[in-house]
Amino acid sequence: MEISEKLLCLFSADVRETDDSYVVEVPKREVETGTVDVGDTYRVALIAGAGEDDYDGEIGETNAETGDGPQPPVEPGEMRYVEIEDIGKQGDGIARVERGYVIIVPGGDVGERVKIEVTEVKSNFAVGEIVDEDV
């Protein structure tokens with residue numbers, strides 16, 4: 001499946017019924033990080049899931065060798081400027097780049113803009129080491 005570079009965010013959600021319509025909820029983090037603005041209109045694409053057990057809400061490693069889905073937008077050794085948007089469960093900084101791809105940045109603080117070197121790349125997340133904190 002080809003995924004456009006215009007993709008603003010990607011998340012899993014249930015469709016629920018209200019009085020006379022159906023609702024797909026956008027996670028609060030997508031609005032808080034500035035990806036989505038309340039009151040604006042967006043195109044929505046729905047991709048059927050194979051079942052409830054497919055997604056557990058956690059970032060994890062998937063098999064990149066299967067060729068499923070888009071390739072990561074970063075490579076090991078690549079230098080990037082990122083903004084830390086969140087803190088993960090282990091206390092590491094979380095940055096998002098193209099298509100909502102996550103980069104875990106140990107030692108990063110929310111709101112900090114840092115230069116990182118990508119040290120590890122998985123199919124759905126990467127790890128980056130801070131090279132310069134004064135960006």
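Two residues are in contact here when heavy atoms of theirs lie within 4.5 Å. The structure to which this is applied is a predicted model.

The protein has 135 residues, of which 22% are buried. Its secondary structure consists of 1 helix and 8 strands, and along the sequence these elements follow the pattern β-β-α-β-β-β-β-β-β. When contacts between residues at least 6 apart in sequence are considered, 45% of them join residues at least 24 apart. The protein exposes about 9900 Å², and carbon and sulfur atoms supply 46% of that area.

Thr-119 belongs to strand 7, which covers residues 113-121. Leaving aside residues up to four places away in sequence, Thr-119 touches Val-127, Gly-128 and Glu-129. Glu-129 is 10 residues from Thr-119 along the chain, and the C-alpha atoms of these two are separated by 6.6 Å. Thr-119 has a relative accessibility of 42%, so Thr-119 counts as partly exposed; the class lies between the cut-offs of under 20% for buried and over 50% for exposed.

The next stop is strand 8. This strand spans residues 125-132 and contains Ala-126. Is Ala-126 buried or exposed? Ala-126 counts as buried because its relative accessibility is 0%. Again leaving aside residues up to four places away in sequence, Ala-126 touches Val-74, Tyr-101, Val-102, Ile-103, Ile-104, Val-118, Glu-120 and Val-121. Val-105 is 21 residues from Ala-126 along the chain, with 8.8 Å between the C-alpha atoms of the two.

Arg-99 sits in the loop that runs between strand 5 (93-96) and strand 6 (102-105). Although Arg-99 is not a glycine, Arg-99 has a positive phi of about 60°. Its relative accessibility is 17%, and therefore Arg-99 counts as buried, the cut-off for that class being under 20%.

The last stop is on the surface. Which residues form a nonpolar patch there? The patch is made by Val-15, Tyr-22, Val-24, Val-44 and Leu-46, which together have about 550 Å² of accessible area. One of these residues, Leu-46, lies in the loop between helix 1 (28-32) and strand 3 (79-83). Leu-46 counts as exposed because its relative accessibility is 65%, and the cut-off for exposed is over 50%.

Methods
Residues numbered from 1 in each chain as written. Predicted model: local features only at pLDDT ≥ 70, side-chain atom pairs only at ≥ 80, totals over all residues. Heavy atoms only, no water. Helix = DSSP H or I, 4+ residues; strand = E, 2+ residues; numbered from the N terminus. Buried < 20%, exposed > 50% of the residue type's maximum accessible area, 1.4 Å probe, protein only. Patch = residues over 30% accessible without salt bridge, like charges linked within 9 Å, V, L, I, M, F, W, Y side chains within 5 Å. Areas by Shrake-Rupley, 256 points an atom, 1.4 Å probe, with all protein chains shown as cover. Salt bridge = Lys/Arg side-chain N within 4 Å of Asp/Glu carboxyl O.
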